[in-house]
Amino acid sequence: RMATRPKKRGARKSPYVTAKGSASRSKAKSSLTVKLKGSKDMRYRLLCATLADKPLVISDIRAEAESPGICDYEAAFLKMLDLVSAGCSISINETGTKLRYKPGVIEGGTDLKHDCPPSRGIGYYLEPLLILGLFAKNPIEITFTGVTDTPTDITVDTLRNVTTHVIQKFGVEGKIDIQATFRGVMPKGGGKVSVRIPVVKKLKPISLLEPGKVKRFRGVAYVCRCSPQFTNRMVTSARAILNRFIPDTYVHTDHCKGKAGGYSSGFGISLTAESINGTILGAQTVPIGSGLPEDAGRRCAKLLCEQIAQGGCVDSMHQPLAVMLMVLSPEDVTRLRIGKLTKTTIGVLRLVQQFFGVTFMIKPDEETKTVMLSCVGAGFQNFSRRHA
């Protein structure tokens, strides 16, 4: 009998190795999906998911509320993301309490139209789109219809005079064009805003540490389907406070009548303060219900003075926007001095750590009562941009 050679152990591959490998791959793929709960910071969650290209699952959206599920303005925001993207997938369950979102490519395009429900202002949709549009494949030209000025969202005047200025600080060379053809106030709206957003290859790191002293005040007071005297009353009450500090104060008046004033009557004011270092801070007031024009002008001037007193290089409204742009900057240190941290900003700081892995260093400055934010950017680049 011939002696048989004993088989070497491990010579034959076990079928379980392949199964284990495929299981680990599927586990890695599922670990990319970010799972969150509740309806807090819905816009920024979807914005981070789109830019980071990570699937998102949000559950328990107002599960305990009287009317559970996503609201009409959140559904409209998802429609806008679908409009400017190619290949994105949105799935909502029957009760509306669970959302599955898989981002696609930010396509951009021209002659886009989006109708916004009157429950929120156009600024609710436009503010995140200004960030998203910078990293699109093509420049975005879109027309919004709805409410242009609301108490809860950034108004069109603030977007045009302050928001675009903050974005251009990060090295955006092309002009962001925002034109309000018609104004529209709550509850019926009727406003129309045309926007053009250029594309960039990448942003540049910033170091905004000194806001500088204020050298001039500017602003816009408007009325829709009201007496034109309301604008003069708002301007007079605002100037009564601002002229104590600087005489260089000029507030434009805008009287919108007929179709240009939308379908509802109302008024409001938006003010800006420009410093010697080029910092622009903003404040706005849109009265809720019946209010006096003098109170609106006075309140807006006081809000602007509060923003200046906080000593930040961006105002409270634009803190989340600045944080998002800092995260998307190249892999270099970016620094920003702000006033008091808002709740929304704290939520965005947590989100960017979860989606991009960027951690901010927060250092309070006891002497000036300000906060220093610094981080190393994620090195985000626009590879899908069409070259000229």
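This is a predicted model: local features need pLDDT of at least 70, side-chain atom pairs count only at pLDDT 80 or more; totals for chains, interfaces and linings use all residues.
I take two strands as paired if DSSP finds at least two bridges between them. Helices (H or I, at least four residues) and strands (E, at least two) are DSSP runs, numbered from the N terminus.

Residues are numbered from 1 along each chain as its sequence is written, and side-chain values use heavy atoms, with hydrogens and water left out.

**Entry 1. Strands β14 and β15**

I started with strand β14 (residues 266–275), which six bridges join to β15 in an antiparallel arrangement. I looked up alanine 273 and found that its bridge partner in β15 is leucine 281. The hairpin of β14 and β15 has four residues between the strands, and in this hairpin glycine 278 takes a positive phi near 90°.

Next I checked burial (buried is under 20% relative accessible area, exposed over 50%, partly exposed in between, with a 1.4 Å probe and protein chains only). Six of the six residues of strand β15 (residues 280–285) are buried, so the strand is largely enclosed by the rest of the structure. In a regular strand the side chains alternate between the two faces of the sheet. In β15, I noted Ile280, Gly282 and Gln284 pointing one way and Leu281, Ala283 and Thr285 the other way, all of them buried.

**Entry 2. Aspartate 153**

Which residues touch aspartate 153, apart from its neighbours within four places in sequence? I listed Arg120, Gly121, Tyr124 and Gln284 (contact means heavy atoms within 4.5 Å). Aspartate 153 is found in the loop between β8 and α5 and is buried, with a relative accessible area of 5%.

I also noted a polar contact of 2.7 Å between the side chains of aspartate 153 and arginine 120. A polar contact is a pair of N or O atoms within 3.5 Å; within protein, one must be able to donate a hydrogen and the other to accept it, and residues adjacent in sequence count only if both atoms are side-chain atoms.

Arginine 120 turned up again at a ring: its charged end sits over the ring of tyrosine 73, 5.0 Å from the ring centre. The criterion is NZ of Lys or CZ of Arg within 6 Å of the ring centre and within 35 degrees of the ring normal.

**Entry 3. Aromatic pairs**

I counted five aromatic pairs in the structure. Rings of Phe, Tyr and Trp (its six-membered ring) pair if their centres lie within 6.5 Å; planes under 30 degrees apart count as stacked, over 60 as edge-to-face and the rest as tilted.

The rings of phenylalanine 77 and tyrosine 124 have centres 6.0 Å apart and planes at 70°, so I logged the pair as edge-to-face. This pair links distant parts of the chain, with phenylalanine 77 in helix α3 (residues 72–84) and tyrosine 124 in helix α4 (residues 122–134), 47 residues apart. Phenylalanine 77 and tyrosine 124 are both buried.

For phenylalanine 135 and phenylalanine 380 the ring centres are 4.9 Å apart and the planes are at 90°, so this pair is edge-to-face. Phenylalanine 135 lies in the loop between α4 and β8 (140–146) and phenylalanine 380 in the segment after β18 (370–376), 245 residues apart. Phenylalanine 135 is buried, with a relative accessible area of 3%.

Ring pairs also link Tyr73, Phe77, Tyr124 and Tyr125 into a cluster.

**Entry 4. Salt bridges**

How many salt bridges does the structure hold? I found 15, taking a salt bridge as a side-chain nitrogen of Lys or Arg within 4 Å of a carboxyl oxygen of Asp or Glu.

Aspartate 149 and arginine 183 meet through their side chains in a salt bridge (3.3 Å, N to O). Aspartate 149 lies in the loop between β8 and α5 (156–168) and arginine 183 in the loop between β9 (177–182) and β10 (191–197), so the pair ties together parts that are 34 residues apart in sequence.

Arginine 183 has another salt bridge, to aspartate 254 (3.1 Å, N to O). Aspartate 254 is in strand β13 (residues 249–256), 71 residues apart from arginine 183.

Is arginine 183 buried or exposed? At 5% relative accessibility, arginine 183 counts as buried, whereas aspartate 254 is partly exposed, with a relative accessible area of 26%. The charged end of arginine 183 also sits over the ring of tyrosine 222, 4.2 Å from its centre.

Glutamate 294 and arginine 233 form a salt bridge (2.7 Å, N to O). This pair links helix α7 (residues 293–310), which holds glutamate 294, to helix α6 (residues 229–242), which holds arginine 233. Glutamate 294 is partly exposed at 24% relative accessibility, and arginine 233 is partly exposed at 29%.

Finally, I noted that salt bridges with shared partners join Asp149, Asp157, Arg160, Arg183 and Asp254 into one network.
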